[in-house]
Amino acid sequence: MKRDHLHIGYILIFVLVLSLYAGCSGQTTASISNYRTGSQALDMQWRTNNQNVVYIGDELDLLLQLSNKGTADITNGELFLSGYDPSYLDLQIDPSPTFSLTGKSQYDPTGAFSDIYTIKAINVQGPKNIGQFQQSVLVSACYEYKTTATASVCIDSDPYNRITRQKACTMGTVSVGGQGAPVVISSVEPIVGQKSIRFNIRLSNAGNGVVYNPQISPEQCAEGLSFENTDRVFVTKVTLGGKSLECSPQNPIWLNSGSASLTCECNGDGCIDSNVAAYQTLLEVELRYGYRNSLSTQVNIVNTN
Amino acid sequence: MDKRLFALMLIAYVALLIGCTGSTIQTDTDYKTGTGTLQLSFDSQFPPQSLMENEQSAVVVVAKNSGGYSIPSGKLLLTTDDSVFYIGTKDAFDQNSKPTNIVGLVKGSNRPFYGKSIITPTGDQQSFSFNLYSLPLPQESQRRTATITAYACFPYETFQHTSICIDQDPYKTKTSSQIKPACTAQDVSVDSGGGPVNVQTVQSRFDQTPQGDITPSFYFTIEGSTYVKLFAPGDENAFCDAQQIVAKTHDTVYFTASLSDKPLVCDGLTLVQGYSTALNPTYVVQLQDGQTKISCKTEQPIFSSVGDPLGNYLAPLTINMTYGVVSTASRSVEVTTLSQ
């Protein structure tokens, strides 16, 4: 009888420990790792069905919702409309084409959602003598965005093993995980010299939008992007263990066919701790850029006359 | 019983499904397709293949409007070799009356001769009857063959429309990689518009002003059907009245086009006097060997709000051509002597 009680006690303790462990590990994943994921920034979704039929003289209402699925905040982004013949559709964005949305964080792992925008044409017109006329409506957003990436890199002060000693890590190219932004640091390759260390950093546009020079305003972006302002990124910060690195090429960096290589160097004292054979340290990279994404729908204008 | 009920329910469900998925909004424009117009044919028995001399018969001409337009009025003319046939009754011939070989091409009273439309999906069809009297043959002739020809003279038109992609970056100075624009500028083939003259292709070219606005130009390839004769509107009547071709207006059509309901102006073409207005300039187009090419552009540049490919959009291009048509049908009839 006493032995049975002992068994039940062991089982209870085991269950308690297991649930405590599961609870704790789940908490860590949700709050720290999960929100810095994906390569999206602004996400746009229609809140109307995709079969928009409108009769001449009627009102057209297309409902749109925005959400920020990246980790950076968006301030004063600009929505604009295109893709349709302005002779027939006089579309307006209600309440306003300007938007701001906070990004994902450990306190808000889904990112902010906007109110519903209405893309509205009061009195739809259509071509004379044509029964039906198909039009596209593209809504595009121009906004400034930021990528903050942190890579844990191994610095080997003796890469040629001149002194035999135990090494804590092996130096090599590292891929950087989810950054919660469309322009990503895809890889970091450290190269160690006598007193310097250099990093070849690879950037790419992993999102489905267009990267543009953040020095032009969202309004200018909405008027059309020239080649000189497209696929341009500013590198605003590269630090190794808190120490700033010198990078080339100069800003803005051109993402040729969607990607670019950046070389950042740490020269002089304090870059490498030569007392330690190999050690892990953090390389932080911060990028600033404009981003433009679009969403389209079809509108069928029907003339019953 | 249960099986019957199940079958009924299945049929109802399928009917409902077809009804729901297959529903499209149809308008008269949907019937303005093909290259048809009013065409003539003879009844298989009237006239018969052969007649005796001094015999009276009937000629039945069947007119069918298989194009997309209604004919408000027109004429139907029957002709033949005067030495073999008289178009009318024997009594009328004996009284030296004028042959009754021309009638109005109408379908009933106060009703146009409808083409294909929602209410007449296959177009109107009507038979027209004439009397035919075979004259006595000269003594030296045992038999003679003559051709009976029917002509329909009527006004007709073609309305065509297509969508043109307005290129907001014609000189390719801007980019929008990774974002698919609403459309990409390209030459287009135009579906036939339910008449015998049609624009086959439209080539587009876009020029940009220093302010960035766009001036589109279009090159139209126009082709006429070979199975009808074409005239400037109104001149087809001269053919039925006097069987004369007015050479000056033969193979002539009047042409109007607009982009987003704004009229196009055409280079090197003459405006039709008394027909054109500032809002609707109409040009004389002369076909050579059944076809021609013309060039037209918008009067004013199009304002460009988004000056890169993301700003591209589809604009409706409409084309209207009016012309006179003479449709023909022929039948050979043999006349033999009584002595045979």
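View 1. The structure holds 6 disulfides over all chains, a disulfide being a pair of cysteine sulfur atoms within 2.5 Å. This is a predicted model, in which local features need pLDDT of at least 70 and side-chain atom pairs count only at pLDDT 80 or more, while totals for chains, interfaces and linings use all residues; side-chain values use heavy atoms, with hydrogens and water left out. Residues are numbered from 1 along each chain as its sequence is written, and chains are lettered from A and ligands numbered from 1 in the order in which they are written. Cys247(A) and Cys264(A) form one of the disulfides, with their sulfur atoms 2.1 Å apart, and this link is right-handed, with 110° about the S-S bond. The pair links distant parts of the chain, since Cys247(A) belongs to strand 15 (residues 246-248) of chain A and Cys264(A) to strand 17 (residues 259-266) of chain A, 17 residues apart; helices (H or I, at least four residues) and strands (E, at least two) are DSSP runs, numbered from the N terminus. Cys247(A) counts as partly exposed because its relative accessibility is 21%, whereas Cys264(A), with a relative accessible area of 0%, is buried. Here buried means under 20% relative accessible area, exposed over 50%, and partly exposed in between, for a 1.4 Å probe and protein chains only.

**View 2. The disulfide of Cys153(B) and Cys240(B).** The sulfur atoms of Cys153(B) and Cys240(B) are 1.8 Å apart, and with 85° about the S-S bond their link is right-handed. Distant parts of the chain are linked by this pair, with Cys153(B) in strand 8 (residues 143-166) of chain B and Cys240(B) in helix 3 (residues 236-242) of chain B, 87 residues apart. Cys153(B) counts as buried because its relative accessibility is 0%, and Cys240(B) counts as buried at 1% relative accessibility.

**View 3. The disulfide of Cys165(B) and Cys183(B).** In this pair the sulfur atoms lie 2.1 Å apart, and the torsion about the S-S bond is about 80°, so the disulfide is right-handed. Because Cys165(B) lies in strand 8 of chain B and Cys183(B) in the loop between strand 8 and strand 9 (188-189) of chain B, the pair ties together parts that are 18 residues apart in sequence. Both Cys165(B) and Cys183(B) are buried. When the bonded cysteines of chain B are numbered in sequence order, the pairing reads 1-4, 2-3, 5-6.

View 4. Not counting residues up to four places away in sequence, Cys266(B) touches Phe255(B), Tyr283(B), Ser295(B) and Cys296(B), where contact means heavy atoms within 4.5 Å. The C-alpha atoms of Cys266(B) and Ser97(B), which are 169 residues apart along the chain, are separated by 51 Å.

View 5. When its neighbours within four places in sequence are left aside, the residues in contact with Ser134(B) are Leu51(B), Met52(B), Glu53(B), Asn54(B), Glu55(B), Val84(B), Phe85(B) and Val335(B).

**View 6. An open sheet of 4 strands in chain A.** The strands of this sheet follow the order 1-3-7-5, with antiparallel pairing; two strands pair if DSSP finds at least two bridges between them. Strand 1 (42-46) and strand 5 (92-94) of chain A are the edge strands, each pairing on one side only. On average, neighbouring strands of the sheet are turned by 30° against each other, direction ignored; the axes are lines fitted to C-alpha atoms, for helices over the stretch in contact, and angles run from 0 to 180 degrees between N-to-C directions. Strand 5 of chain A pairs in the antiparallel sense with strand 7 (residues 117-121) of chain A over 3 bridges, and the bridge partner of Ile93(A) in strand 7 of chain A is Ile119(A).

**View 7. Chain A as the setting of the sheet.** The secondary structure of chain A comes to 2 helices and 18 strands, and 46% of its 305 residues count as buried. Of the contacts in chain A with a separation of 6 or more, 73% are accounted for by residues 24 or more positions apart.
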